[in-house]
Structures are given as structure tokens and as C-alpha cells.
Amino acid sequence: MNVYVHRIRKYIGAYMVHLKGKVDAIVMSAGVGENSPPVRKLLLADLENFGVSIDESKNKQHIGKPGEIQTDDSRVKVLVIPTDEELSIAQQTLEVIRAQ
């Protein structure tokens, strides 16, 4: 778990630098992102100096349902966005088949 969290946090930091700190939102999606408040908490811990702060109560409320989990004073929005990965795979497969 430590390596997983470290790698994602490294990407978040890299994107923040690339965007010169002008980050509108961080989106948590897919299996872990939309269903694991503890992992979201680990991923976004101690990022207040970068404008990211999550509300613990909101974080716990959003499991598999869309919503915003940032604190009221967070400069960066933190969104939980459920996905339907199987549907996306099926649609992309259909596109490939139709193109042949």
C-alpha cells in the first residue's frame, strides 16, 4: 500500500508542478478512488500547502456516489466520480470491431 500511495502522490505533485499550481480539481475515480475513503485520505494527506484539504466527514459519505469531498476553504476541489469501466471497455471494443 505504501508504494501505491507514494506513486500516486508523486504523480499528483508532478501534475501540480506542470500546471504551475493552477489546479482546479483532483478527481478520484475507478475502484479505489470512488470506493475507499481511507485510501483517498492517504493520497491527499498533508497537501494543505498546495491548496488541497479534504473534509473527513464528506470523504466517508462518498462511497460509490459522486460528490465533492474538499473542505470549504480548500482552494482545489476534490471530486469523487464513479465510473463504469466495463461499459467503457465494451464501447471501445465495439468501436474497434466496427472499424475493421
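Entry 1. I am working from a predicted model. I began with E68, which is partly exposed because its relative accessible area is 35%. I then looked for its partner and found K77: the two form a salt bridge, with the closest N and O atoms 3.4 Å apart. K77 has a relative accessible area of 39%, so I put it down as partly exposed too.

Entry 2. How many salt bridges does the whole structure hold? My search came back with 3.

Entry 3. Next I checked K41 and E56, whose side chains meet in a salt bridge at 3.7 Å, N to O. K41 sits in helix α3 (residues 37-43) and E56 in helix α4 (residues 56-61), so this pair ties together parts 15 residues apart in sequence. I noted K41 as partly exposed at 43% relative accessibility, and E56 as partly exposed at 31%.

Entry 4. I moved on to K58, which forms a salt bridge with D72, the closest N and O atoms being 3.6 Å apart. This pair links distant parts of the chain, with K58 in helix α4 and D72 in the loop between β2 (67-68) and β3 (77-81), 14 residues apart. Is D72 buried or exposed? I have D72 as exposed, because its relative accessibility is 79%. K58 is partly exposed, at 25%.

Entry 5. Last, I turned to the nonpolar surface. M1, Y4, V32 and L42 make a nonpolar patch of about 380 Å² there. M1 lies in the segment before α1 (2-18), and I count M1 as exposed because its relative accessibility is 59%.

Conventions:
Residues numbered from 1 in each chain as written. Predicted model: local features only at pLDDT ≥ 70, side-chain atom pairs only at ≥ 80, totals over all residues. Heavy atoms only, no water. Patch = residues over 30% accessible without salt bridge, like charges linked within 9 Å, V, L, I, M, F, W, Y side chains within 5 Å. Areas by Shrake-Rupley, 256 points an atom, 1.4 Å probe, with all protein chains shown as cover. Salt bridge = Lys/Arg side-chain N within 4 Å of Asp/Glu carboxyl O. Helix = DSSP H or I, 4+ residues; strand = E, 2+ residues; numbered from the N terminus. Buried < 20%, exposed > 50% of the residue type's maximum accessible area, 1.4 Å probe, protein only.
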